[in-house]
Amino acid sequence: MAETVFAPWADPAQKPLIEFCNVTKRFGDFTAIHDLSLKIYEKEFFALLGPSGCGKTTMMRMLGGFDSVTEGSILLGGHDISAVPPNKRPVNMMFQSYALFPHLSIWENIAFGLKREGRDKAFIDARVDEMLRLTRLERFAKRKPHQISGGQRQRVALARSLAKAPKLLLLDEPLGALDRKLREETQFELMDIQEKTGTTFVIVTHDQEEAMTVASRIAVMDEGRLVQVDTPDQIYEAPNSVYVADFIGDVNLFPGTATERPVAPPPAPAVAPEVEETAPIADAALHDSAEANTATQRRLPAPDRKGEWLYEKIFRRFMGYRETAPRRLPPPSPAEIAAARAPVAPAPAPAPVAEPIRPGGILIDWAEGQPPIIAANGDTAMAGTGVTFSIRPEKVTIDAEKPDRPNIYKGKVIDIAYLGNISTFHVELANGTMVKAQMVNARRLANRHITWNDEVWIGFTETAGVVLKG
Amino acid sequence: MRKAVLIALPYLWLTALFLVPFLIVLKISLSDIALARPPYMPQFDPAAGWQGFLTFLSELDFENFAFLATDDLYWKSYLSSLQIAGLSTLITLGVGYPIAYAMARADQAWRPTLLMLVILPFWTSFLIRVYSWMGILSNEGTLNTVLLWLGVIDTPLQIMNTPTAVYIGIVYTYLPFMVLPIYSALEKLDDSLLEAAEDLGCSQLSAFWLVTWPLSRSGIIAGCFLVFIPALGEFVIPSLLGGSDTLMIGKVLWEEFFNNRDWPVASAVAVILLLILIIPIVLFQRNEQKAREAEG
């Protein structure tokens, strides 16, 4: 639904609001921006994302008019604004430090830009009140900036930069100074305000979560170049480079060599050698599960022979009632126990068994002695070249029993990062590779059945990852 | 208890070194001149007992203050002092503000050096620095020699012994007191405030008047008082650089005390000078307190 509503970048008839045409920016010998071209459309919430020093702030300052363009031009609504000073641009900026005037009240801060425009008093009053309402600051109008909290200051800065109804609002790390909870709330507030005012927002941030939350499109930058410009889901699910995959979120990277995979294979070949190879391990797993079963039984509250004797000889005389207890509730049969425990070890769902592995794509040889990774969505053109297979931790499953999945590897749990809602398991494979697997903590922590140093299986489907060049 | 002691200490200090001397001066100002040692009457004699103390009190009067009102030399001196101090303060502000502004905008690496250059003159005796101005400003001084050599003038400029020389001396001497507080106010100024002002439609000049100037106001006020208050009672500069027609109350006071040996009148002059200064001092304190509150 959302895709059909707003995607001006996909429509070639749309005129961009902002256009960077081969912009280069140099500071002395240092080139901050390399020959960069970019189009930003009206009503977009556009995020410039990158590590510090990637040039994102320079881009913003060039838009605001605080830094000049060395080569190329920046068009705003079709007009070159490279030579227009900041006070003449229909662009306003919300500064990272908020830059509120400490000697002026909140009301005067918001009215500052309007007064410079020489608007009449009635208009200014109405507009400032509107902004105060929008940002829910009515009660603080008379206070000075140092008398309000950080979150309120942030809203004043936003109100002040929106007061002149700019065509374009620039936000420089607007939420950097807020604590996590407030930041999340404010992100939604920002989106809400952006929607209400219909202003085009360009936000600079190094926080990928923030960019993913608020932006309609994200430009990932590295060393003065755009690496990928796309919607948040595309950036996350289909990164175009190892850099983007690694920068956005958590990722497992497997560098290796690609070979083409038969388009319509007989059901076995791809998997068969794998099974052979892992046969002894499978045996071990079988043994493990048998042991687990006895362990389960041992854990049930039943007296052993000595206990029985002790009870018969001594306790029975004054604890006669105990005699009937075990008879009234007989211990469950092994079958019952197995049934009860089945949901604990997440069933290696029968579904994948039924579903054949999608044919085509590529195989990636990534380590000695490990079966190749099956990537059915890999581009066969990459066969024979060096590639990196990238997969998100939440797409990697972790099981105590050997699951039935196209790609499985045995390993040992080295570390568990408990994050409350999810846990990240660091699993070391036989060849020393560390793989991160994420699991939603649907159960209480006490019921977690995988723990440190457990032998586990990690697995993922043939289409869960992305094959990247290099 | 400990808090009370801590508060009492500075008060005791102020009482011993400020209030007691002031009371002595006040007492002398109410006495009469006498050819004695010390040169005033009556003397307070604790041995005379209660009756003696009452007699002592009855001999005090406001004669000297009445005398100050009758002779126009005094009120003219006060007015002229106020004028010289006020005008010098404005000139010092005019010279000092750009210096402080340039320092605050200078490269971070340069600031400590610039700051030290401002403080450097304090390492030399004040008196020697004023004397060296005599060497510069006199008719055969450096300034006139250079100007004559350059051919800008053909007769030496008479600067020495004029009010101009006094202004030059005061502005020179008190410039650091103006520069330092303004610099400290400007240094704290966040550059992004000026960018924000420009972003909201200010030209660079109006951004200065609407943001930089009001935000450096506490520094300006502090600097002005730090120059005005000592300049008002200034005595060395007018007596060394000024002519006989440059009236300043500090000089008058000195002459009353040492030349005329009229301690009571000199004390009365000092008491009135102090009363005049109380107003700016109180204003200065209030400004400091407001600045502190704004920061906190």
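Six residues of domain 1 of chain A are in contact with five residues of domain 2 of chain A, contact meaning that the C-beta atoms, placed from the backbone, lie within 7 Å. On the domain 1 side, these residues comprise four nonpolar, two polar and no charged; Ala, Val, Leu, Ile, Met, Phe, Trp, Tyr, Cys and Pro count as nonpolar, Asp, Glu, Lys and Arg as charged, and the others, Gly among them, as polar. The C-alpha centres of the two domains lie 40 Å apart, and the bounds tabulated here come from an automatic or database domain assignment.

| Domain of chain A | Residues |
|---|---|
| Domain 1 | 15–249 |
| Domain 2 | 272–283 + 359–469 |

This is a predicted model, in which local features need pLDDT of at least 70 and side-chain atom pairs count only at pLDDT 80 or more, while totals for chains, interfaces and linings use all residues. Residues are numbered from 1 along each chain as its sequence is written, and chains are lettered from A and ligands numbered from 1 in the order in which they are written.

Between the chains, 17 residues of chain A are in contact with 14 residues of chain B. Helix 3 of chain A gives the most to the chain A side, with three residues, and by class that side has eight nonpolar, six polar and three charged residues. Helices (H or I, at least four residues) are DSSP runs, numbered from the N terminus.

In helix 5 of chain A, Gly151(A), Gln154(A), Leu158(A) and Leu162(A) meet Leu182(A), Thr186(A), Ile193(A) and Thr197(A) of helix 6 of chain A. The residues of this contact divide into four nonpolar, four polar and no charged.

How values were computed. Two residues are in contact if their C-beta atoms, placed from the backbone, lie within 7 Å. Helices (H or I, at least four residues) and strands (E, at least two) are DSSP runs, numbered from the N terminus.
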